[in-house]
Number of protein chains: 2
Amino acid sequence: MRNNYWQLLFSPDSVALVGASNTAGSWGFGIMQHLLAPAQRNVYPVNPTVSEVCGKAAYDSVLDIPNPVDLAIIAVPASQVAGVLGECTQKGVKAAVIISGGFAETGEAGRKLEAELVKIAWQNGTRFIGPNSMGHADTASKLSTLAWTGKIAPGPVALISQSGNYGHRIIHNGMSSGIGFSKFISTGNEADLHFEDYLEYLAQDENTRIITGYIEGLREGRRFFQLARETTPGKPIVVIKAGRTEESARAIKSHTGALAGSEAAYAAAFKQAGVIRVDDDDELCDVVLALLNQPLPRSNRVGILTIGGGLGVVAAEACEREGLKIAPLATSTMEKLDTCLPPRWSHGNPVDMVGISMAENPAAFSSLWALIEDENIDAILLQAPVGLDADRLSRMFDNEEIKSFQEMERRNLGLLRQQVEEHEKPVLLVKPALEFATDMEILSSFRSEGIPVYPSPRRAARVLHHLTRYKRYLETAEK
Amino acid sequence: MRNNYWQLLFSPDSVALVGASNTAGSWGFGIMQHLLAPAQRNVYPVNPTVSEVCGKAAYDSVLDIPNPVDLAIIAVPASQVAGVLGECTQKGVKAAVIISGGFAETGEAGRKLEAELVKIAWQNGTRFIGPNSMGHADTASKLSTLAWTGKIAPGPVALISQSGNYGHRIIHNGMSSGIGFSKFISTGNEADLHFEDYLEYLAQDENTRIITGYIEGLREGRRFFQLARETTPGKPIVVIKAGRTEESARAIKSHTGALAGSEAAYAAAFKQAGVIRVDDDDELCDVVLALLNQPLPRSNRVGILTIGGGLGVVAAEACEREGLKIAPLATSTMEKLDTCLPPRWSHGNPVDMVGISMAENPAAFSSLWALIEDENIDAILLQAPVGLDADRLSRMFDNEEIKSFQEMERRNLGLLRQQVEEHEKPVLLVKPALEFATDMEILSSFRSEGIPVYPSPRRAARVLHHLTRYKRYLETAEK
């Protein structure tokens, strides 16, 4: 048996589920399904009222399990948890996840019960997640102690969440944007392990490139900021910190018993530690998508490439409201654009190509190269239709022509990836009004070249705001 | 031939397209496709270089058309437009749409050319849309002079847009949320007909219940606000007014030659006229969806129903940031919720049902009725999973049970519609993290009962902000 509790928590060889159940719809059933899915570790259901759970022999107590147990998952009524935890420590279990609720979040009696758990664990050198946790997951070791969330796509993003449901929301939102996760922890009441412990661990975790979090209140604020300051130069930290308003702070207290704390203190500290703070799960996923795929912009000067004047106007406004600059174009860029765009182009930034479509005309890609090469520009917001009207194409071109057109597009998309890397300038795409199935295909070909696609200029501009501030923080931190 | 130019513009019996073309991908081809689609009016292509266009005999000039022409669409190079318009007036055409660009938006020479068009039209009593318009559409008369936008779903929302492309974006965004349109006008340079003219017409239009707009700069500000003040008590007006920042104002000038005008003056005037002003096409569609389907809330006190503490926290924060109040629950509501929810429920607003799912448990609907009946609450934000895990359901219930469950849900959804109307309290649903195909089905069953579904609490809260302010305006205006 191994004794590093992180390894036992995230990559156990054997797991006992106390409160395992055959009742579909129950936690003890849902968790069992997730535990059994990978079939690569020993899973011991514990339930004194049945002889087997989901085809596995059930034990009356963890003490009856004949083999060592790395990790215990406890999903029994609150009143039984202390007893079960005591048996676990007796069995030599050094890591646990306490799913059961009904502790500090419910008031004074629950707080006492919770203190009892901590005492039992600490006396025996056992560490635990929860109570009142929705479980945790590690996609590399294929462990999931969750009951509901389903299969999580693997990837380099870790999530520490002080709300199980909100974590669930972030994970599903992320997966639908193509984001994969390394580890997920629903921290619950944090009676033993704190948000800060998970942060410290993930800062060292090789499978994690970005750490994200949903925070209601931090128990060790000073330690959090010390850790964050050490981590952000190498790994971005992106968090939602709720509780900025009176009623949301009150709601936090009734949710996990945490104190939302001083908003001003949090805001200042996040800034000083280079933590990227976002408002909600959409914004979190938006920023993560860019951090995963795009370089940080050197500064805040944005070039906007669009096919319509109005689209450019709204994008410019969105950028300026996020503290970005609409850069004047270099003379050489003006000259380049004059050679590839119709005479009516806007002759300024936003670059309105007056109707030329990215998909139809190499001129659009030439314009994009001109903007990427412009020394006045640090980042590009692309608001051009990437869609091809398949029907229209088939009326304009024969099959051979369509094929050669598609090849050209593939070449240009490959080149785009190169240009982004070479010039270290992020390119973000704003999803155009989609009409045709082929539009979606072309969108996904941009995505597969690492160009994030956002639903509105507002959201793309917000991402650039965060990237710019983070870059500035890193430069200052280096000095 | 009729002589009300509005009727000629929106419901012509006969249309001539000058610049009609067989070249797929050209404006003259795209417009021809849209004109011919409904096959309920005479369409005369005009093009001296070909003998027929899309199977219709082509004329060298409108003067050669043997029958009367209600509406002329002009899509020829700028230099030829004055000549064509002259021929149209000679023919007795009283309404025109000038698609051609290259006028005031391009500088001094273009401005002169544009003034020439106005002179020709006015001397002959002809009115026109444009120039530099992307066309217009009327779904009732099945007229579309657009080249690109495709089929527009019919419905009660009119759109006047000072950007063709942005209008296109709004329409596609709207249609994807289930919004249908009565009329769409891409106003172009507004040499003759102004935004204000369209507004005045649509205020009287029986097919239009809501007027939306994208505005860069108004030519007759005073008239706009007079009209708006008269209209908003009966028909909501929802607009995007761009140009709040320096560079976006500059971009407007290069787009349509308009002046963005004083932001402070616009903001004050919109407020005084009860105009709902939104930031972008997402927000526009969000508000329209609620206005179409939900009553206005009496005031700003929101009840939040959720299945997770964290979800409630973030929703409460989003509401408060939009100036809404998280109402304390009435004692009677607390008592009702105590009878239908597990003892661990949050005992306050946000109402955290601690895991109960709307789809699984009648208790969730009972909780919803309790909130709707609460005198302290004016509107409800529902952040509960409407999704059913089909797989899980099939493990928990047999087919008969599933069927009866589904029937119960249908009954509850019907009841929800009744409750909303009876109590005049809007109910907005925030889309949960979706995992299963059945989730989408259930979402659409909420939608079909007129419950709008929003992607985030932020967007739902923003909608309630607008509805509340509009309601307050209407009450003040009545006095």
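By what turn, and with what RMSD, can chain B be laid on chain A? A turn of 180° with a shift of 0.0 Å along the axis does it, at an RMSD of 0.1 Å. The legends below take the views one by one.

This is a predicted model, in which local features need pLDDT of at least 70, side-chain atom pairs count only at pLDDT 80 or more, and totals for chains, interfaces and linings use all residues. Residues are numbered from 1 along each chain as its sequence is written, while chains are lettered from A and ligands numbered from 1 in the order in which they are written.

**View 1. The axis between chain A and chain B.** The two copies are related as by a two-fold rotation axis, given the 180° turn and the 0.0 Å shift. Superposition is by least squares on the C-alpha atoms of residues with pLDDT of at least 70 in both copies. In chain B, Pro455(B) has the C-alpha nearest the axis, 5.9 Å from it.

**View 2. The side of chain B that touches chain A.** Here 58 residues of chain B are in contact with 58 residues of chain A (contact: C-beta atoms, placed from the backbone, within 7 Å). α5 (164–176), α8 (246–256), α11 (309–321) and α14 (390–396) of chain B each supply at least two residues of this side. Helices are DSSP runs of H or I with at least four residues, strands are runs of E with at least two, and both are numbered from the N terminus. The largest share, 10 residues, comes from α11(B). By class, this side has 16 nonpolar, 25 polar and 17 charged residues. Ala, Val, Leu, Ile, Met, Phe, Trp, Tyr, Cys and Pro count as nonpolar, Asp, Glu, Lys and Arg as charged, and the others, Gly among them, as polar. The copies meet through the same surface, because 100% of the interface residues of chain B are also interface residues in chain A.

**View 3. Helix α2 of chain A.** Eight of the 10 residues of α2(A) (residues 27–36) are buried, so the helix is largely enclosed by the rest of the structure. A residue is buried if 20 or more other C-beta atoms lie within 10 Å of its own, exposed if 12 or fewer, and partly exposed in between. Among the buried residues are Trp27(A), Phe29(A) and Leu35(A). The buried residues pack against strands of chain A, including β1 (14–18), β2 (42–46) and β5 (71–74).

**View 4. Helices α12 and α13 of chain B.** α12(B) (residues 331–340) and α13(B) (residues 362–373) pack at an angle of about 175°, with axes 9 Å apart. They are therefore roughly antiparallel (angles over 145 degrees). Thr333(B), Lys336(B), Leu337(B) and Cys340(B) of α12(B) make the contact with Ala363(B), Ser366(B), Ser367(B), Ala370(B) and Leu371(B) of α13(B). Five nonpolar, three polar and one charged residues take part.

**View 5. Two cis peptide bonds in chain B.** One cis bond joins Gly130(B) and Pro131(B), with omega about -5°. Pro131(B) lies in the loop between β7 (127–129) and β8 (135–138) of chain B. The bond from Asn349(B) to Pro350(B) is also cis, with omega near 0°. Pro350(B) sits in the loop between α12 and β17 (351–352) of chain B.

View 6. Most residues other than glycine have a negative phi. Asn132(A) has a positive phi near 65°. This residue is buried, with 28 other C-beta atoms within 10 Å. The phi of His347(B) is positive too, near 55°. His347(B) counts as partly exposed, with 14 C-beta neighbours inside 10 Å.

Definitions and conventions: Contact = placed C-beta atoms within 7 Å. Axes fitted to C-alpha atoms, helices over the stretch in contact; angles between N-to-C directions. Parallel < 35°, antiparallel > 145°, perpendicular 65-115°, else oblique.
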